[in-house]
Amino acid sequence: ATPTSIMVGTGKGAEMGILFRRGDALQRLRNTQVVAFDKTGTLTKGQPELTDLEVVGDWNENDLLTRIASVEQASEHPIARAIVAAAEDRGLTLSGVTDFNTATGKGVVAHVDGQEITLGGAGYMGELGVDLTAVGDTAERLGNQGRTPLYAAVDRRLAAVVAVADPLKETTVDAIRYLHEAGLRVAMITGDNTHTANAIARQCGIDEVKAEVLPDGKVDAVKALQEGGRAVAFVGDGINDAPALAQSDVGIAIGTGTDIAIESAEVVLMSGDLQNVPNAISLSRATIRNIK
Ligand code: ADP
Ligand code: MG
């Protein structure tokens with residue numbers, strides 16, 4: 001590869017909002033066979049909203065929402081912001097909490113007025129010994145609608161099923177269509193519920209789904225996609241995406257995401273527009289053609 005053609009390609013990328021942090025990323029991107037995306041904040045807007053709050057037993061809906069929002073006030077997760085915003089919309093006054101703890105990729109816990117309040121996914125509730133049989137397949141039903149089901153428990157007794165929904169970015173469906181037209185396979189790696197992940201994958205035409213992946217597991221999920229020597233580009237935005245960005249053949253970070261993701265990536269998309277993923281691959285292919 002001549003330094004000049006790499007410089008020209010890098011310059012064209014910059015004009016489109018694609019930053020190649022290393023020249024060899026521009027050369028290697030054309031070999032990509034699989035593009036794997038993080039879900040929240042990458043395929044989706046990363047701004048979920050509360051869609052469901054189904055109380056179990058005789059809890060008052062607003063009393064329960066006050067408690068779980070009080071706990072989520074201390075979390076920076078997009079789910080937490082959705083729940084706090086819903087409580088604010090209802091004009092609820094949040095309480096102070098003690099003993100707050102995050103189980104990363106699982107849920108949150110804290111004490112409110114002497115009671116232990118937990119909110120998280122089914123796996124987390126299982127670890128805490130919370131019995132979920134009362135709600136049957138509610139979570140599956142919500143998941144199949146593309147919503148993320150969560151459970152709230154008070155002193156380890158189920159108190160509500162909660163769901164949030166995070167809409168796709170406007171450009172996601174088209175970007176994936178372009179990747180398919182370019183002959184690539186498209187995957188999703190997420191910590192979210194399997195039903196939810198599959199529903200979202202159907203909405204945007206994703207071929208392969210790795211769901212309920214804990215933050216430490218994203219690297220293994222990338223390695224699994226790399227089996228058989230497939231070249232995998234991973235696209236992500238979060239702190240927990242940094243190791244997967246480093247493991248992938250070419251890491252692509254969303255420039256509006258966290259600094260640690262950007263530092264771990266070789267390509268940075270200046271906006272969240274996913275059309276620049278197929279654009280970056282086309283640019284790489286065109287640059288190498290010019291070199292030959
Ligand atoms: P993603 O890959 O979609 O970014 P995360 O790894 O951040 O997912 O979270 C995975 C799952 O952990 C969520 O779907 C949810 O069930 C649970 N979870 C994580 N953080 C929280 C929180 N602050 N409140 C409730 N549940 C949470
Ligand atoms: Mg994300």
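Guide: Two strands pair if DSSP finds at least two bridges between them. Helices (H or I, at least four residues) and strands (E, at least two) are DSSP runs, numbered from the N terminus. This is a predicted model, in which local features need pLDDT of at least 70 and side-chain atom pairs count only at pLDDT 80 or more, while totals for chains, interfaces and linings use all residues. Residues are numbered from 1 along each chain as its sequence is written, and chains are lettered from A and ligands numbered from 1 in the order in which they are written.

Start with the sheet of seven strands. It is open, and its order is β1-β13-β12-β11-β2-β9-β10. The pairing is mixed. At the edges stand β1 (18–20) and β10, and each of them pairs on one side only. Neighbouring strands are turned by 20° against each other on average, direction ignored. Such angles run from 0 to 180 degrees between N-to-C directions; the axes are lines fitted to C-alpha atoms, for helices over the stretch in contact.

Now look inside this sheet. Strand β2 (residues 34–38) pairs with β9 in the parallel sense, over five bridges. There F37 stands opposite M188 of β9. Helix α10 (residues 218–226) lies across β2, β9, β10 and β11 (232–236). To β11 it runs at about 150°. E212 is not a glycine, yet its phi is positive, about 55°. Most residues other than glycine have a negative phi. E212 has 16 other C-beta atoms within 10 Å, so it counts as partly exposed. The scale is this: 20 or more other C-beta atoms within 10 Å make a residue buried, 12 or fewer make it exposed, and anything in between is partly exposed, with C-beta atoms placed from the backbone.

After α9 comes G205, with a positive phi near 75°.

At the other end of the chain order, D273 lies in the loop between β13 (267–269) and α13 (276–291). D273 has 18 C-beta neighbours inside 10 Å, so it is partly exposed. From D273 to I288 is 15 residues in sequence and 24 Å in space, C-alpha to C-alpha.

Next, the nonpolar residues. A nonpolar core is a set of buried Ala, Val, Leu, Ile, Met, Phe, Trp, Tyr and Cys residues joined through C-beta atoms within 7 Å. The largest has 50 residues. Those with the most contacts inside it are V35, A36, F234, I252, V267 and V277. V277 touches V35, A175, L179, V235 and I252, leaving out residues up to four places away in sequence. Another core lies apart from it, with 36 residues, among them I83, A110, V161 and A163.

Then the other sheet. Six strands form it, open and antiparallel, in the order β3-β8-β7-β6-β5-β4. β3 (49–55) and β4 (98–103) are its edges; each has a single partner strand, so one side of each is left without a neighbour in the sheet. The twist averages 15° from one strand to the next.

Strand β7 (residues 148–154) is worth a stop here. Six of its seven residues are buried, so the rest of the structure largely encloses it. β7 pairs with β8 (residues 157–165) over seven bridges, in the antiparallel sense. P149 has A163 as its bridge partner in β8, and T148 stands opposite V164. Two residues separate the strands in this hairpin, where D155 takes a positive phi near 50°. Four bridges join β7 to β6 (residues 115–120), also antiparallel. There L119 stands opposite A152.

D113 is found between β5 and β6. It is not a glycine, but its phi is positive, about 50°. With 12 other C-beta atoms within 10 Å, D113 is exposed.

How values were computed. Contact = placed C-beta atoms within 7 Å.
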